[in-house]
Amino acid sequence: MEEPITIIKPNVFVVVFSLVILDLIVSVIFGISAGVASIMIGLIVFLSVFLFLFIFIFFRIMSLRNTQYLFYKDRLEYFEGFLNQEKRILQYPKVTDCMFGRSIYDRIFNTGTILLLTAGQQGGGVRLTAVDNPNQLYVLLLKLLKISSDKDVLIREPLLEAKPNLLAGLFLYTFVLLFITIIIGIFVGQGMESFVVGIIAGIVIFLLLLFFRMMTLKSTKYLFYKDRMEYYEGFLDQERRTLPYTKVTDCILHKRVYERIFNVGTISLLTAGQQGIGRLSLFGGVKLALVKNPDQLYGKLMKMLNLKR
């Protein structure tokens, strides 16, 4: 019987800890709302909501304990389920997109979520949830998927690097936020004093959102190698995508009116990848937003993808 290269299981503690905290918050909110009339009623509501939600947490725990990902040389086998059970086999050549995401919460516990997308129409692909040491696992996956044959995928120098234009990225965003700031001031303010308070509150929100937008743009970069493109994004929550050129089905260049002013544009690399069904579907590909000299970059991409303009 063939032995797997490695077996990975979700970090149950990380997932359950966040669910218990959320359970407590929701229970406290309901308890306080009901406790206006009577403290006893508020306590009963708090315990009822907490226990009701904890039933779902219990089933989530049991499901995670029975989840495992087995990596072989040519495939990934996925097992999940406590009451209802599921088994899925994913052949590496069928994978179109490889994605890696980490929230702030994940970064504290050194966990992350890895998505492998396929062209399946009934919820294809696999989501590896709350796995430990996600960076190491991601590198292993790139080797197993034969996206890169390098000994260390992280060291190889890219042929080309692109980043979003910071000024263009903040231009339209700033006007939208200023408009929202004024609206907040108008709706909050009944008299002159409250109007000023509303404007101040709006400005604070405006500056915070502008700061996070700026930091997200500064941390976004697109790296182009001979055989693949890698996408990095995220200031608090982080995301990384690896897209082999052989999986790209369409390459689209789009320039809006305000983008033409700054000589920037958006290039979309599409694949057939999909994970999930219906409105909850996650589609593959990468959108290179607000890149400088988009026509020049588009031409270089055409050559890398071996496509004719």
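Two strands pair if DSSP finds at least two bridges between them. Strands are DSSP runs of E of at least two residues, helices runs of H or I of at least four, numbered from the N terminus. This is a predicted model: local features need pLDDT of at least 70, side-chain atom pairs count only at pLDDT 80 or more, and totals for chains, interfaces and linings use all residues. Residues are numbered from 1 along each chain as its sequence is written, and side-chain values use heavy atoms, without hydrogens and water.

**Exercise 1.** Work out the strand order of the open sheet and find its edges.

*Solution.*
1. Seven strands line up as β7-β6-β5-β11-β10-β9-β8.
2. Their pairing is antiparallel.
3. β7 (126-132) and β8 (160-162) each have a single partner strand, so one side of each lacks a neighbour in the sheet.

**Exercise 2.** Describe how β9 pairs with β10.

*Solution.*
1. β9 (residues 221-224) and β10 (residues 228-233) form four bridges in the antiparallel sense.
2. K221 stands opposite Y232 in β10.

**Exercise 3.** Describe the arrangement of α1 and α2.

*Solution.*
1. Take α1 (residues 12-34) and α2 (residues 39-65): their axes come within 8 Å and cross at roughly 160°. Axes are lines fitted to C-alpha atoms, for helices over the stretch in contact; angles run from 0 to 180 degrees between N-to-C directions.
2. α1 and α2 are therefore roughly antiparallel (over 145 degrees).

**Exercise 4.** List the buried residues of α4, then locate K146.

*Solution.*
1. In α4 (residues 134-144), P134, L137, Y138, V139, L141, L142 and L144 are buried (under 20% relative accessible area, 1.4 Å probe, protein chains only).
2. K146 follows α4, with a positive phi near 60°.

How values were computed:
Parallel < 35°, antiparallel > 145°, perpendicular 65-115°, else oblique. Buried < 20%, exposed > 50% of the residue type's maximum accessible area, 1.4 Å probe, protein only.
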